[in-house]
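Dear colleague,

Please find below the structure that I am handing over to you. My findings follow directly after it.

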Amino acid sequence: MSERDLQPGGREQWATKIGFMLAAMGSAVGLGNIWRFSYVAGENGGAAFLVLYIAIIALIGIPIMMAEFSIGRKAQSDAVGSFQKLAPGRPWVTAGFLGVASAFIILSFYGVVAGWTLKYFVSYLTGGLWSEPAEGYGGFFEGFIMSSAEPVVWQFLFMAITVGVVLMGIKKGIEKANLILMPTLAILLIIMSIYSLTLGGAQEGLSFLFAPDWSVLTEPGIYLAALGQAFFSLSLGMGALITYGSYLSSKERLPGATAGIASMDTVFAIVAGIMIFPAVFAFGIDPAAGPGLVFVILPSVFEAIPLGVVVGLAFFFLLAAAGLSSAISLLEVAVAYFIRKFGWTRKATALIIGGLIFLLGIPSSLSMGVMADFTIFGNVFMDAMEGLSDIFLPLGGLIIALFVGWGWKKAQSLEASDFGASAIGTIWLFLLRFVAPAAIAVVLVAQFY
Ligand code: TRP
């Protein structure tokens, strides 16, 4: 953002609608669509999970995304400040504090996994993955994440890049780069899906992803997994989109932007699934293998593809770039808050907060190796952090839904969202007032039984 784009209060503002769309899409599309979607869908039965996931996006995710943008644009402040401005002295601001806490939690392990993608990118650059290592691709991955120093070094590198972008204020450059990088990633995913379908596991892979075995819906864990993944993938429930909406002028129309962002994010995840699951079955790997899934499967796919080394190199570069634009949005939530709260400079804030988040991520980085025996409720540290985000994001979303649904007057909500007196605005408010809060509350409360 340039100096010329300041709002009346002196805050920055997106110069154009496309700048806002790019930033929001850059935030949404990331490791969540490829790495996290495929392993969570794999662990939760595939197709039935996908149906549940899409239903949650449509009935809960999109309405809450509209709510976040409406709040941010109206208040023109960060996740915490927006609530303090719109509802001073009221408890709604809890959602903002939860959001800042979630930024720490999520970015701490996000930086770890993004570090893994950097390691793979460099391995395709320097030869480590030009052919199958003696220990196999699975052995390569495990040897890497179990070693004590290496994952931390890559995590540090990724966090340093993220902090560098946020402190130099060159986010706009990254978003412009996304204009090329994201479509390239999409094309690469499609090409890889086609190849993946020729590897011999197409039938099993596609039916795993698209032919629901409804019996998995009796597993209580699937609901929280789908809810948490929907919020994670859409960057929802922690004020990231409040913060981004706050840089938007009131000239833009929110509903169209929201629909575009949410559907694109979902298409990315589905295409990633078409890429992963046929290969999972072709290479005889358990779809429920967990967070290492894409790091073990994809190298085998690249080996089977002509020019696979180049494709692998491009893929991990693009994935790391997609992760970077998401990580920026996570860091920005905390940085925007601390800048306003303590009056620190952007530079100092990005360094301090980024540094703290890096430190918080170290136990996640080590949780498959030297810290594997350190567990919280039976989960290694990284899984515990992910589990916490599965609860914090929907909880934040619940409060946001109630705030716009009930805390605001009907006319106020309809105006802030650009829905006006349309029928679809009435549906939106109904979903925000009743459907989303009830569904989230039931899923969260059910966790305690
Ligand atoms: N949505 C991103 C992804 O799918 C991750 C992310 C970025 C995020 N910003 C967020 C998740 C804010 C929750 C909240 O990779």
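Two residues are taken to be in contact when heavy atoms lie within 4.5 Å. On that basis, and not counting residues up to four places away in sequence, Ile-64 touches Phe-231, Leu-236, Gly-397, Ile-400, Ala-401, Leu-432, Ala-436 and Ile-440.

As to the source, this is a predicted model, in which local features need pLDDT of at least 70 and side-chain atom pairs count only at pLDDT 80 or more, while totals for chains, interfaces and linings use all residues. Residues are numbered from 1 along each chain as its sequence is written, and side-chain values use heavy atoms, with hydrogens and water left out.

Nonpolar core

A nonpolar core is a set of buried Ala, Val, Leu, Ile, Met, Phe, Trp, Tyr and Cys residues joined through side-chain atoms within 4.5 Å. Buried stands for under 20% relative accessible area, exposed for over 50%, and partly exposed for values in between (1.4 Å probe, protein chains only). The largest such core has 156 residues, of which Trp-35, Ile-64, Trp-116 and Phe-315 touch the most other members. Helix α5 gives the most to this core, with 18 residues. Helices (H or I, at least four residues) and strands (E, at least two) are DSSP runs, numbered from the N terminus.

Phe-121 also lies in helix α5. Leaving aside neighbours within four places in sequence, Phe-121 is in contact with Leu-313, Phe-316 and Phe-317. By contrast, 29 Å separates the C-alpha atoms of Phe-121 and Leu-388, which are 267 residues apart along the chain.

Aromatic pairs

Rings of Phe, Tyr and Trp (its six-membered ring) pair if their centres lie within 6.5 Å; planes under 30 degrees apart are stacked, over 60 edge-to-face, and the rest tilted. The whole structure holds 37 aromatic pairs. One of them is the edge-to-face pair of Phe-97 and Tyr-337, at 6.1 Å centre to centre and 90 degrees between the planes. This pair links distant parts of the chain, 240 residues apart: Phe-97 is in helix α5 (residues 94–126) and Tyr-337 in helix α14 (residues 308–342). Phe-97 is partly exposed, at 41% relative accessibility, whereas Tyr-337 is buried at 9%.

Phe-338 and Phe-342 are stacked because their ring centres are 5.8 Å apart and their planes at 15 degrees. These two residues are four apart in helix α14, so about one helical turn separates them. Phe-338 is buried at 15% relative accessibility, while Phe-342 is partly exposed at 45%.

Ring pairs also join Trp-116, Tyr-120, Tyr-124, Phe-140, Phe-141, Phe-295, Phe-302, Phe-315 and Phe-316 into a cluster.

Charges over rings

A charge sits over a ring if NZ of Lys or CZ of Arg is within 6 Å of the ring centre and within 35 degrees of the ring normal. Arg-36 has its charged end over the ring of Phe-232, 4.7 Å from the centre, and Arg-433 is placed over the ring of Trp-406, 4.9 Å from the centre.

The expected span of a helix is 1.5 Å times one less than its number of residues. Among the buried residues of α8 are Asn-178, Met-182 and Leu-185.

Helix α1 (residues 17–28) reaches 17 Å from its first C-alpha to its last, close to the 16 Å expected. Ten of its twelve residues are buried, so α1 is largely enclosed by the rest of the structure.

Yours sincerely
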